[in-house]
Amino acid sequence: MAAAAAGGGGLIFMLLRRWYERGGGTRQAELFPGLHASCTSPSPRRSKPRHVVVVGAGIVGLSIANELARRGCKVTVLEKEMSAGTQATALSWAWINANSKQPKHYQRFNMLAMDLWDLMFPGYVRWCGSILLNENPKQEVAEYPRHEVSWSQVAELQPGVAWDAAKEGSGESACSYFPSEGVTEPFKVISEMLRRAEAREVQVVYGVTVTGFPWDVEGDVRGVTYVLHGSQGWDGPQTMAADVVVLSNGTGVEQLAKCAGFKVPLLHKPGFLAHTEPIADLVKRVVVSPNCHILQRENGSLVIGESKEAGGASSVAYAVDRYAHESFRSNMPPASNSDEQEDDQGLAELSTFGHRALAAAKRILPVIEEAKLSRVTCGYRPFPEDGLPVIGFCSSSCSTRSPGLYIAVMHSGITLAPLAGAAAALEIAEGLDLDLLSPYRVGRFTKVFRGT
């Protein structure tokens, strides 16, 4: 495909032009202020960096790293864990969608990202559509594909839905079908990103904890200080020079940004997912009800989350704090001593959540009655305080050189990853300022000056 060969930036500009032409100009310009200028007359403001360090090897970090390498930058990715995609990416439900996103520019932003998935990662998304039971949310962007459907139509879209259970406590509300939405397999995408990174000579280093930054005389970040966890323990502090450092390490962004003098407030929302043993191919769509949400992976496993918190807030927080980013099977043996009893309490909370979520799913979809709980994953999700992505440069000087620090953290990182990678690479490698990203800059938060 010629468009794909043009690279991420070319894809963005191609899609923006197409939308602009489709909307007759004015209407699309209202969705993204400065849209037309972004398409036709971007102006370079920074020099091209020779070396970029990307902190975090999740789906957003690897997307940015690949697009930077595609544009000729030397790229090093530093990952705290011993493998890629084990944090927020691994904890994601991996539902690719834009429905109910607010405000209008943010819904449009997600729609653009969805278009980029097929152009940049063809075949990696199963566009199965989503059904929202007892919900008919108003969409900010009128052209986002949505159909109000009756319960008989729900049965055609997803056989086996128990109408009485699905309508329980909510009257006769309408249901919605979003045909353009889909799901992906996070680890397959991570594997493909790592394959591309290797082909582009991106160096990925695991077991690295970034602790701070060296500064140049103009007050900009010019690399990272870090410690490396080796086979004999933690090595002493080391420094890696870089023209630009990209913080894309999820929940870790907040603390590192503060070290650099910038406030990026994250809510650190806990997330739990119940996973079942593989079953027959029964769940054809993403199913979202007021009590739970359900999808089925390629291997037949169901992934289930609760749509509403069902009590036990303090114990839930305890379990996440103790077991964040871990995966536990539901049939762990009981503790045998006092030290292990505390562990067993947390495991019990995870098991309770898993069985509760699975029971809620079976009430909605009795056809999955034979499904058995396999494991529960839990952890904190990077969720900016105002719900919108944080993406862009943080500059403490008026230098014409590249500002040293770039931040990319967002909820719905799976949906937004291709767009985040392509857009960030345009700004970092090509020196452009994209109006597309103007609502999502770090500057909307209060700056924290160094030394305070």
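Buried means under 20% relative accessible area, exposed over 50%, and partly exposed in between, with a 1.4 Å probe and protein chains only.

I worked from a predicted model, in which local features need pLDDT of at least 70, side-chain atom pairs count only at pLDDT 80 or more, and totals for chains, interfaces and linings use all residues. Residues are numbered from 1 along each chain as its sequence is written, and side-chain values use heavy atoms, with hydrogens and water left out.

I looked up glutamate 201 and found a positive phi of about 65°. Glutamate 201 lies in the loop between α10 (186-199) and β9; helices (H or I, at least four residues) and strands (E, at least two) are DSSP runs, numbered from the N terminus. Glutamate 201 counts as exposed, because its relative accessibility is 71%.

I then looked up alanine 94, which also has a positive phi of about 65°. Alanine 94 sits in the loop between α6 (88-91) and β3. With 1% relative accessibility, alanine 94 counts as buried.

I found a cis peptide bond between glutamine 102 and proline 103, with omega about -5°. Proline 103 belongs to the loop between β3 (95-96) and α7 (104-120).

Entry on the sheet. I traced an open sheet of six strands in the order β9-β2-β1-β14-β22-β21, with mixed pairing; two strands pair if DSSP finds at least two bridges between them. β9 (203-206) and β21 (390-394) are at the edges with a single partner strand each, so one side of each has no neighbour in the sheet. I checked β1 (residues 51-55) against β14 (residues 244-247) and found parallel pairing over four bridges. Valine 54 is opposite valine 246 in β14.
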